[in-house]
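The exercises below go through pockets and salt bridges step by step. Try each task with the structure in view before reading its solution.

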Amino acid sequence: MLFDILTLFPAMFEGAFSDSIIKRAVEKGLVSIGIRNIRDYSSDARHQTVDDYPYGGDAGMLMKPEPLASAIAAARERFRAIGKSPTVVYMTPAGRLLDQNIVKELAKRETLVILCGRYKGIDQRIIDKYVDIEVSIGDYVLSGGEIPAMALVDAVTRLIPGVLGNMDSAETDSFHSGLLSHPQYTRPEVFEGVSVPEVLLSGHHANIREWQKRKSLEITRERRPDLLDRHCGD
Ligand code: SAM
């Protein structure tokens, strides 16, 4: 999977991608993450302007279309050179709410360009002309698309074959089967007077699977009945 992230704040990604699973995925060559500073694509070499006042008189600034179009063109060119046509994702509160289905869908694409907005957002003509999918990470407003982009890259990377040591650990995560995950326990067997459920110590795999499935259904019914409706409808 090749990611190309377009941002005004490249340094924000340094820590997020230099540890743990993403770091290992990059080292194994399963994932490559390019970070592009949109400011480098400003035609105004002196001030590197990337924003301007919105038409209509709203307060705040908007990201100008020209540097964004040039940055997207450069990312596309990088992929075209290796025979790939990327999916362009814009992180925005107005997008489709990110869920595991979208993550699975995006994990199948080989190349993703992820556009991080700032200020009041970006000129609509960039969305209309260049963006394939708009994605939101929740019904709240962040200052920029960088944290949403990190969430997306992390979630997609976990699904790339070979990234997780044992693919089972993605398969038993919440949402993989459309339900929330069952509770998990590790040693010690008794912690502050509370024991691990008996069935997990039994070594009886069928009973354990059945318990996990039942707990998963119970938790989902209690916390996210909307997921259960969808799960049963599938
Ligand atoms: N004016 C925009 C609106 O009301 O939809 C919000 C702009 S926000 C301050 C700046 C940027 O942060 C957006 O362009 C987007 O890239 C990013 N952003 C903020 N909240 C987000 C969310 N919930 N999901 C995805 N991206 C978000």
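**Salt bridges and pockets**

Arg224 has a relative accessible area of 31% and is therefore partly exposed, where buried means under 20%, exposed over 50% and partly exposed in between (1.4 Å probe, protein chains only). The model is a predicted one, in which local features need pLDDT of at least 70 and side-chain atom pairs count only at pLDDT 80 or more, while totals for chains, interfaces and linings use all residues. Residues are numbered from 1 along each chain as its sequence is written, and side-chain values use heavy atoms, with hydrogens and water left out.

**Exercise 1.** Find the distance, N to O, at which the side chains of Arg224 and Asp226 meet, and classify Asp226 by accessibility.

*Solution.* Start with the contact, a salt bridge of 3.0 Å, N to O, between the side chains of Arg224 and Asp226; the term stands for a side-chain nitrogen of Lys or Arg within 4 Å of a carboxyl oxygen of Asp or Glu. Then take the relative accessible area of Asp226, which is 32%, so that Asp226 is partly exposed.

**Exercise 2.** Determine which parts of the chain the pair Asp4 and Arg36 ties together, and whether these residues are buried or exposed.

*Solution.* First, the side chains of Asp4 and Arg36 form a salt bridge at 2.7 Å, N to O. Next, because Asp4 belongs to strand β1 (residues 2-7) and Arg36 to strand β2 (residues 32-37), the pair ties together parts that are 32 residues apart in sequence; helices (H or I, at least four residues) and strands (E, at least two) are DSSP runs, numbered from the N terminus. Finally, both Asp4 and Arg36 are buried.

**Exercise 3.** Describe the largest pocket by its volume, its lining and the class of its lining residues.

*Solution.* Begin with the space in the largest pocket, about 480 Å³. Its lining has 23 residues, and Asp99, Gln100, Asn101, Phe175 and Leu227 lie nearest the centre. Turning to the elements, α4 (100-107), α6 (146-158) and α10 (225-233) each supply at least two lining residues, and α4 gives the largest share, with four. By class, the lining of the largest pocket divides into eight nonpolar, seven polar and eight charged residues.

**Exercise 4.** Identify which element gives the most to the lining of the second largest pocket.

*Solution.* The second largest pocket holds about 360 Å³ of space, and Tyr90, Met91, Thr92, Pro93 and Leu142 lie nearest its centre.

Notes:
On a 1 Å grid over the protein atoms alone, a cavity is a set of points where a 1.4 Å probe fits but cannot get out, and a pocket is an open set with protein on both sides within 12 Å along at least five of seven lines; lining residues have an atom within 4 Å of a point. Grid points are joined across faces, edges and corners, and a volume is the space filled by probe spheres set on the points. Ala, Val, Leu, Ile, Met, Phe, Trp, Tyr, Cys and Pro count as nonpolar, Asp, Glu, Lys and Arg as charged, and the others, Gly among them, as polar.
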